[in-house]
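User: I am new to this structure and would like to go through it step by step. Could we begin with the ligand?
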Amino acid sequence: MTEASTSRPFAAVIGAGPAGLFAAERLAAAGMRVCVFERMPSAARKFLMAGRGGLNLTHSEPPAGFLGRYGAARDWLEPSLRAFPPEALRAWADGLGAATFTGSSGRVFPKAMKASPLLRAWLARLNDLGVTLRPGMTWQGWDRDGALRFAGGEAVRADVTVLALGGASWPRLGADGGWAETLRAKGVAVTPFRAANAGFDVAWSARFAGRFAGAPLNGVTLRFGAMAQRGEAMVTRYGLEGGAIYALSAALREAIARDGAADIHVDLRPEMSEAALAARLRRPMAGQSLSNVLRKAVGLSPVAVNLMREAGDLPRGADGLAARIKAAPVRLTAMQGLARAISSAGGIARDEVDEGFQLKRLPGVFAVGEMLDWEAPTGGYLLQACFATAHAAASGALKVLGARAGRA
Ligand SMILES: Cc1cc2nc3c(=O)[nH]c(=O)nc-3n(C[C@H](O)[C@H](O)[C@H](O)COP(=O)(O)OP(=O)(O)OC[C@H]3O[C@@H](n4cnc5c(N)ncnc54)[C@H](O)[C@@H]3O)c2cc1C
């Protein structure tokens with residue numbers, strides 16, 4: 001049994017993803033002894049995977065818009081996001097030698113466009129702060145005496161515990177949501193996991209899927225009901241994926257669960273009005289096929305022209321064609337599963353934690369990052385909230401310890 005020290009308080013952080021490592025850094029910087037326990041052979045595998053896409057750390061949009069991305073969880077997360085805002089995350093990355101830049105979309109990335117240099121510098125800093133990292137340690141719950149129990153039988157007693165076990169997407173990277181049953185057994189309400197920021201199935205024709213899987217739809221606007229999202233989407237064999245569709249994915253997921261399918265409309269030339277498109281299409285182009293006319297007169301890519309055809313034969317007149325360009329219908333029939341979703345919805349319910357993310361039923365135990373029940377689109381909002389909740393939980397843990405010391 002590893003015992004909590006009587007001199008310096010001991011924090012056990014479980015899960016070496018960004019949320020756990022950041023909580024560990026804050027607690028160690030405040031003078032605590034800290035050990036991070038991680039089931040995988042190495043730290044932060046999902047963070048490294050996020051680095052393959054450039055590591056979109058956060059977003060530069062003003063606070064009102066930024067906070068709105070958290071939907072129903074906005075007011076829950078707002079205090080922690082204001083206490084640790086995007087500028088603070090950028091300054092932190094800068095301090096680790098990973099200076100950031102803002103892309104044309106407003107997304108913020110490290111200049112190196114990957115996670116590994118930042119992670120290396122971060123782990124070195126944690127080592128300098130005296131944080132111990134113990135890979136290959138799978139947490140299984142608590143024993144009868146309240147000590148943390150790990151596979152293999154080791155028990156660890158901690159003064160405070162930070163659970164940073166992640167959600168349930170991409171389980172092969174380590175976070176599989178298996179902790180949910182352990183917490184439910186303690187009476188903690190955990191909302192079931194659902195895929196978030198994942199692709200959707202579309203019943204493409206074999207010809208379209210075969211020819212265009214992997215083709216990007218750049219600069220399109222996707223519309224679903226009153227919602228509109230400008231950005232990129234990618235045609236895949238199974239359907240559609242990419243940032244624009246991920247941004248609508250929470251609403252689409254709920255609509256499919258309710259109605260069995262969701263119809264979106266793709267505006268293939270958002271920067272041109274329907275009337276302007278129709279006027280261009282009215283100009284005579286003798287001897288040209290319709291596909292060529294659409295490419296030359298309107299600048300549509302082959303994938304865009306063929307996407308229009310997926311909804312049925314192309315309309316004959318200029319007005320009909322312009323209408324189809326502005327609103328090519330696509331029926332989404334299912335969402336991809338958790339195995340390849342970028343994040344998950346669901347997790348520890350909001351009412352279960354206090355303002356410092358301490359579990360009300362388990363005093364001294366905090367929960368941070370994606371294991372909490374919030375969701376957000378891609379764009380840097382996921383990592384930002386992981387860091388912000390970890391920051392708030394570390395402050396909460398220090399407050400709890402301060403109060404205990406005051407009572408002693
Ligand atoms: C392909 C991909 C690309 C992404 N790109 C971006 C991006 O560009 N920007 C962005 O904001 N977000 C991105 N994300 C999402 C982001 O990576 C996650 O939101 C973030 O990693 C969650 O951090 P976390 O610390 O809460 O959980 P995780 O990173 O999942 O870490 C949890 C850790 O806990 C460990 N663990 C779980 N159970 C146990 C147990 N019982 N015992 C011990 N250890 C355990 C896991 O092994 C894991 O290491 C991406 C995700 C994916 C999959």
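User: How far is a backbone N or O atom of Gly174 from an oxygen atom of the ligand?
Analyst: The distance is 3.4 Å; a polar contact here is a pair of N or O atoms within 3.5 Å. This is a predicted model, in which local features need pLDDT of at least 70, side-chain atom pairs count only at pLDDT 80 or more, and totals for chains, interfaces and linings use all residues. Residues are numbered from 1 along each chain as its sequence is written, and side-chain values use heavy atoms, with hydrogens and water left out.

User: And what does Asn56 do there?
Analyst: A polar backbone atom of Asn56 is 2.8 Å from a nitrogen atom of the ligand.

User: How much of the ligand does the protein bury?
Analyst: The protein buries 94% of the 1000 Å² that the ligand exposes when taken alone (Shrake-Rupley method, 1.4 Å probe).

User: How many residues surround the ligand, and which are the closest?
Analyst: There are 29 residues around the ligand, with a heavy atom within 4 Å of it. The closest are Glu38, Asn56, Trp139, Glu370 and Leu383.

User: Which helices supply at least two residues of that shell?
Analyst: α1 (18-29), α2 (45-52) and α15 (381-407) each do; helices are DSSP runs of H or I with at least four residues, and strands are runs of E with at least two.

User: Changing topic, what is the strand order in the open sheet of three strands?
Analyst: The order is β7-β8-β9, with antiparallel pairing; two strands pair if DSSP finds at least two bridges between them. The edge strands, β7 (139-142) and β9 (155-156), each pair on one side only.

User: Which residue of β8 is the bridge partner of Trp139?
Analyst: The partner is Phe150.

Terms used: Polar contact = N/O pair within 3.5 Å; in protein donor to acceptor, adjacent residues only side chain to side chain.
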